[in-house]
Amino acid sequence: MEHRTLGRTGRTVSTVGLGTWQLGADWGDVDPAAAVLEAAVESGVTFFDTADVYGDGRSERTIGAFRREHPDLDLTVATKMGRRVDQVPENYTLANFRQWVDRSRRNLGTDTLDLVQLHCPPTPVYSDQEVYDALDTLVQEGAVRHYGVSVERTDEALAAIARGSTATVQIILNAFRLKSLDAVLPAAKEAGVGIIARVPLASGLLSGKYTRDTRFAADDHRSFNRGGEAFDVGETFSGVDFERGLEAVREFAGLLPEGVTTAQAAIAWVIAQDGVSTVIPGARSVEQVRANASAADTGDLGREIDAGVHRIYDSWFRAEVHPRW
């Protein structure tokens, strides 16, 4: 597994990490969490991403227990905060930050969080100097080592990158969501800010395993959030129509060399993008964890496939779903 520097944290992490939303909630049936985490580290994964709202702390507590059972593992754990209150800028204060961070430290069983990220807050928060002053205070107090942001929009990412202490930006990036390529990744690279690419498989759409007959459990966000009913629609299938996405997946699969799966290619394509530090696919089973990690061995798939990704995006999604420009 290749390792890269995670932006201004200075830490090195595996190019394929593990998103752990599914260990908390909203993904239907999941293999035992300990087995998923064990398979990840056995596959070379050294970066876990979680959040205080994933199962109201269940994901954090699971990772905390795993670290206690494996104290010799060199892991970097990033969590997120801010979604446990009404989403208004006034709630993003030092007092609340301290409360949220203290809860995450208890859940994760650590005195100092490796990396804490604002969890897709209201857009004005990214440009509020008092917010960054409060985050700096958490670093000075030793509650967190580094901080970053998770964003929905490219302008939010650029606002955070412009701040001198932002270590990382987490953003949706996959073959069906190219908005960040033109401005965000180059700006982050120039500033030394790490890019954590989330939703690389478009909520499993790019796994190549789904058909028009696929049905998801009632407690799976791919059932209840297709129109953004519960949270930002971009978090579910990257905001694209499911059946339209299936057609695009078939075209994407047709680009691939023999022996490379659709999921492997989708993750490998994200890894190959200049400026990406790590990509964090989720996994509901041990088998999925291992398959996702194997994408790191796929290597650069070449200019022809990259050109095909852009052609598919422009044909299927650019104008109607989320314009790149």
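In this predicted model, the buried residues of helix α9 are Thr262, Ala263, Gln264, Ala265, Ala266, Ile267, Ala268, Trp269, Val270 and Ile271. That is 10 of the 10 residues of α9, so the helix is largely enclosed by the rest of the structure. Its buried residues pack against strands β1 (3–5), β9 (194–198) and β10 (276–279). They also pack against helices α8, α10 (286–294) and α11.

The largest nonpolar core holds 87 residues. Phe48, Phe97, Val169 and Phe176 touch the most other members. Helix α9 (residues 262–271) gives the most to this core, with seven residues. Contacts of Phe48 were listed without residues up to four places away in sequence. Its partners are Leu18, Leu37, Ala40, Val41, Ile63, Phe66, Leu75, Thr76, Val77 and Ala78. A second, separate core has seven residues, among them Val13, Phe47, Ala78 and Ile196. In soluble globular proteins, nonpolar side chains tend to be buried together.

The axes of α8 (residues 242–253) and α11 (residues 303–316) come within 10 Å. They cross at roughly 155°. With angles over 145 degrees counted as roughly antiparallel, α8 and α11 are therefore roughly antiparallel to each other. The crossing is right-handed. On the α8 side, Arg244, Glu247, Ala248, Glu251 and Phe252 make the contact.

Conventions. Residues numbered from 1 in each chain as written. Predicted model: local features only at pLDDT ≥ 70, side-chain atom pairs only at ≥ 80, totals over all residues. Heavy atoms only, no water. Axes fitted to C-alpha atoms, helices over the stretch in contact; angles between N-to-C directions. Helix = DSSP H or I, 4+ residues; strand = E, 2+ residues; numbered from the N terminus. Parallel < 35°, antiparallel > 145°, perpendicular 65-115°, else oblique. Left-handed = near helix turned anticlockwise from the far one by under 90°. Contact = heavy atoms within 4.5 Å. Core = buried A, V, L, I, M, F, W, Y, C linked by side-chain atoms within 4.5 Å. Buried < 20%, exposed > 50% of the residue type's maximum accessible area, 1.4 Å probe, protein only.
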